[in-house]
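Dear colleague,

I am passing on a structure that will be new to you, and below it I have written down what was found in it. Please read the notes with the structure open beside them.

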Amino acid sequence: MMIKVEAATLQEAYSKAASELSCSVVDLDINIVQNGSSGFLGLFKKKCHY
């Protein structure tokens, strides 16, 4: 099964995906679709999509 998870950090995305799939984080096969950016002075941050 494939799902798309959006989170501010990679660790948050792993936890969210594992929870949604009812499995352990070590069982996940991760593909990063878009890595977020920190923006300018912390403003306009983009979320990460995993």
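Leu21 is partly exposed, because its relative accessible area of 27% falls between the 20% below which a residue counts as buried and the 50% above which it counts as exposed. Please keep in mind that this is a predicted model. Leu21 is found in helix α1, and, leaving aside residues up to four places away in sequence, Leu21 touches Met1, Ile3 and Leu28.

Ser22 lies in the loop between α1 and β2 (48-49), and with a relative accessible area of 69% Ser22 is exposed. Most residues other than glycine have a negative phi, whereas Ser22, which is not a glycine, has a positive phi of about 55°.

The largest nonpolar core consists of 6 residues, namely Val5, Ala7, Ala13, Ala17, Ala18 and Leu28, and helix α1 (residues 10-21) gives the most to this core, with 3 residues. Ala17, one of the core residues, touches Ile3, Val5 and Leu28 when residues up to four places away in sequence are not counted.

Finally, the largest pocket has a volume of about 270 Å³, and of the 14 residues that line this pocket, Met2, Ile3, Asp29, Ile30 and Asn31 are the closest to its centre. The lining of the largest pocket divides into 11 nonpolar residues, 1 polar and 2 charged.

With best wishes

Technical notes
Residues are numbered from 1 along each chain as its sequence is written. This is a predicted model: local features need pLDDT of at least 70, side-chain atom pairs count only at pLDDT 80 or more; totals for chains, interfaces and linings use all residues. Side-chain values use heavy atoms; hydrogens and water are left out. On a 1 Å grid over the protein atoms alone, a cavity is a set of points where a 1.4 Å probe fits but cannot get out, and a pocket is an open set with protein on both sides within 12 Å along at least five of seven lines; lining residues have an atom within 4 Å of a point. Grid points are joined across faces, edges and corners, and a volume is the space filled by probe spheres set on the points. Ala, Val, Leu, Ile, Met, Phe, Trp, Tyr, Cys and Pro count as nonpolar, Asp, Glu, Lys and Arg as charged, and the others, Gly among them, as polar. A nonpolar core is a set of buried Ala, Val, Leu, Ile, Met, Phe, Trp, Tyr and Cys residues joined through side-chain atoms within 4.5 Å. Buried means under 20% relative accessible area, exposed over 50%, partly exposed in between (1.4 Å probe, protein chains only). Helices (H or I, at least four residues) and strands (E, at least two) are DSSP runs, numbered from the N terminus. Contact means heavy atoms within 4.5 Å.
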